[in-house]
Amino acid sequence: MQSLRRRLPSIPHPSPPLRRNFVDARIPWVRDRALDHVVEKEKYLLPFLSLKDHFLSSSRPPPHSLPLSSITPLKSELSLPCRAAEFVRLFPSAFSESLPSPPLPPVPEIRPTEELLSLHEEELQAVAISQSDVADRLLKLLMLSPGRRLPLRLVERLRWDLGLPRDFVSSVLPKYPDYFCTSPSKSKHGELDLEVVFYRRDLAVSSMESYAKRTGEYKTGSPLAFPMHFSRNFKLDKKVRNWLDQWQKLPYLSPYESGSHLKPKSDLTEKWVVAVFHEALSLLIGKKTEKTNLVLLGEKLGLPPGFKRAILQHPGIFYVSNKLRTETVVLREGYRRHLLVEKHPVMDVRYRYVHLMHKGKSSGIRGEKKKTASVGEETDGVFHDLDAEDREFDDYGDDEEEEDDDEEESDDDEYGDVKVCDSVVKGVARSHSVGREMNVRQRRVKFAS
């Protein structure tokens, strides 16, 4: 019998059809100029506000003037990209420089301008008005965690993106004792976690579910398709696009529900991970954050292995910008070209700060520019005219040709020595080429005569 079994040929069993997973597909990265501009326009904003807060938090009475020599040692503390003297002089519309009257020693003093002080007051009002909204956003972020807690160190990393003030631990958390409490960390000795005190089920509704309920009938667990916007000239494999259409029709599992029962590396798990990242970015006032922050958040939320790929494998939902020498994840549906669809009061003030930073170049302060000629030249190189850039992107449409140059435009000068950027170099090159062309034309006229 055993010999007979050996002689019988084995009948091959039909193998199940191979199913192409989206995580195995190669998705191209295509640059989006408008969203790159979103990231790049906030360059130097954080050190600028750190310097502003240092002036206004000093014990000196108005006009809050400080000797320039007292700011010089604070370069690393304030995360300044260059020497303190150079950085202050880059913003003549925000900081004014003067010399004391004799017989005082001629030590330059720096003080905030009236425009900066007025904008600071508006910032305080915006923070106060939106404090309850920001507290709800922080609570919902903690509610995404299965343990209803996150390391306080991670929350501090996301403080800027959530719209929290620097002293939120002492100024915001004590006002909401029913929301938050700090407790010793369960993972690291000597550290603290921020924990949910009261789980609000009325807030456990994602932005996707909220929009679906407002626009039509929606039942929990029914399919929901993520809004998708691709960069111009983006091309996706036909098989992957067909898979994507089927993937969008899968049931939508709320990010506030546990996904531990889902099969690893399945399409449904992939959609739940995308829902978690989508909701996390929706809670941020700028609808963007550094990729490192998102990865650290995913680890603390207990997402399944390989969750990082979901960020890169869904370019219609998330855009990863390489500007400013870092990777920034932007929620595409949060922007219409380069403008926020839903502008938060704190973001509105931040954009006005950006405008003030760029204003000095065209404000007509000729005296200060002459005193600091070299700094003025660097200012023109480091900062572009924000209004001109916004007008350019307002005209940016589908019929505009995509630029071929990569992220080399202004990445080299982030948080390093202040350098002349490529736009100035290109402008000088254009001026030289125009000059050569004029000389050639003059020679032709002489030859013709």
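## Helices α12 and α13

In this predicted model, helix α12 (residues 238-248) packs against helix α13 (residues 267-283) with an angle of about 75° between them. Their axes are 10 Å apart. Angles of 65 to 115 degrees count as roughly perpendicular, and α12 and α13 are therefore roughly perpendicular to each other.

On the α12 side, the contact is made by W243, W247 and Q248. On the α13 side, D267, E270, K271 and V274 take part. By class, the residues of this contact of α12 with α13 are three nonpolar, one polar and three charged.

## Helices α7 and α13

Helix α13 also packs with α7 (residues 131-143). The axes of α7 and α13 come within 10 Å and cross at roughly 160°. That angle makes α7 roughly antiparallel to α13, since angles over 145 degrees are counted in that way. The crossing of α7 past α13 is left-handed.

R137, K140 and L141 of α7 make this contact with E279, S282 and L283 of α13. The contact of α7 with α13 consists of two nonpolar residues, one polar residue and three charged residues.

## Helices α6 and α16

A further helix pair is formed by α6 (residues 114-129) and α16 (residues 345-359). The axes of α6 and α16 come within 9 Å and cross at roughly 165°. The two helices, α6 and α16, are therefore roughly antiparallel to each other. α6 passes α16 in a left-handed crossing.

From α6, the contact draws on E115, L116, L119, H120, E122, E123, A126 and V127. From α16, P345, V346, V349, R352, Y353, L356 and K359 meet them. Sorted by class, the contact of α6 with α16 has nine nonpolar, one polar and five charged residues.

## The sheet β4-β6-β5

Three strands make an open sheet in the order β4-β6-β5, and the pairing is antiparallel. β4 (149-151) and β5 (180-184) are the edge strands, each with a single partner strand, so one side of each is left without a neighbour in the sheet. On average, neighbouring strands of this sheet are turned by 30° against each other, direction ignored. Helix α7 packs on the sheet and touches β4, β5 and β6. The direction of α7 makes about 100° with that of β6.

The pairing can be followed residue by residue. β4 and strand β6 (residues 192-196) run antiparallel and are joined by three bridges. R149 stands opposite E195 in β6, and P151 has D193 of β6 as its bridge partner. β5 and β6 also run antiparallel, with five bridges joining them. F180 stands opposite V196 in β6.

## The sheet β1-β3-β2

Another open sheet is formed by three strands in the order β1-β3-β2, with antiparallel pairing. Here β1 (66-67) and β2 (95-98) stand at the edges. Each has a single partner strand, so one side of each is left without a neighbour in the sheet.

β1 pairs with strand β3 (residues 109-112) in the antiparallel sense, over two bridges. Within this pairing, L66 has I110 of β3 as its bridge partner.

## Salt bridges

Side chains of opposite charge can pair when their charged atoms come close. With a cut-off of 4 Å between a side-chain nitrogen of Lys or Arg and a carboxyl oxygen of Asp or Glu, the count comes to 18 salt bridges.

Definitions and conventions: Residues are numbered from 1 along each chain as its sequence is written. This is a predicted model: local features need pLDDT of at least 70, side-chain atom pairs count only at pLDDT 80 or more; totals for chains, interfaces and linings use all residues. Side-chain values use heavy atoms; hydrogens and water are left out. Axes are lines fitted to C-alpha atoms, for helices over the stretch in contact, and angles run from 0 to 180 degrees between N-to-C directions. Helices (H or I, at least four residues) and strands (E, at least two) are DSSP runs, numbered from the N terminus. Angles under 35 degrees count as roughly parallel, over 145 as roughly antiparallel, 65 to 115 as roughly perpendicular and the rest as oblique. Contact means heavy atoms within 4.5 Å. Ala, Val, Leu, Ile, Met, Phe, Trp, Tyr, Cys and Pro count as nonpolar, Asp, Glu, Lys and Arg as charged, and the others, Gly among them, as polar. A crossing is left-handed if the near helix is turned anticlockwise from the far one by less than a right angle, and right-handed if clockwise. Two strands pair if DSSP finds at least two bridges between them.
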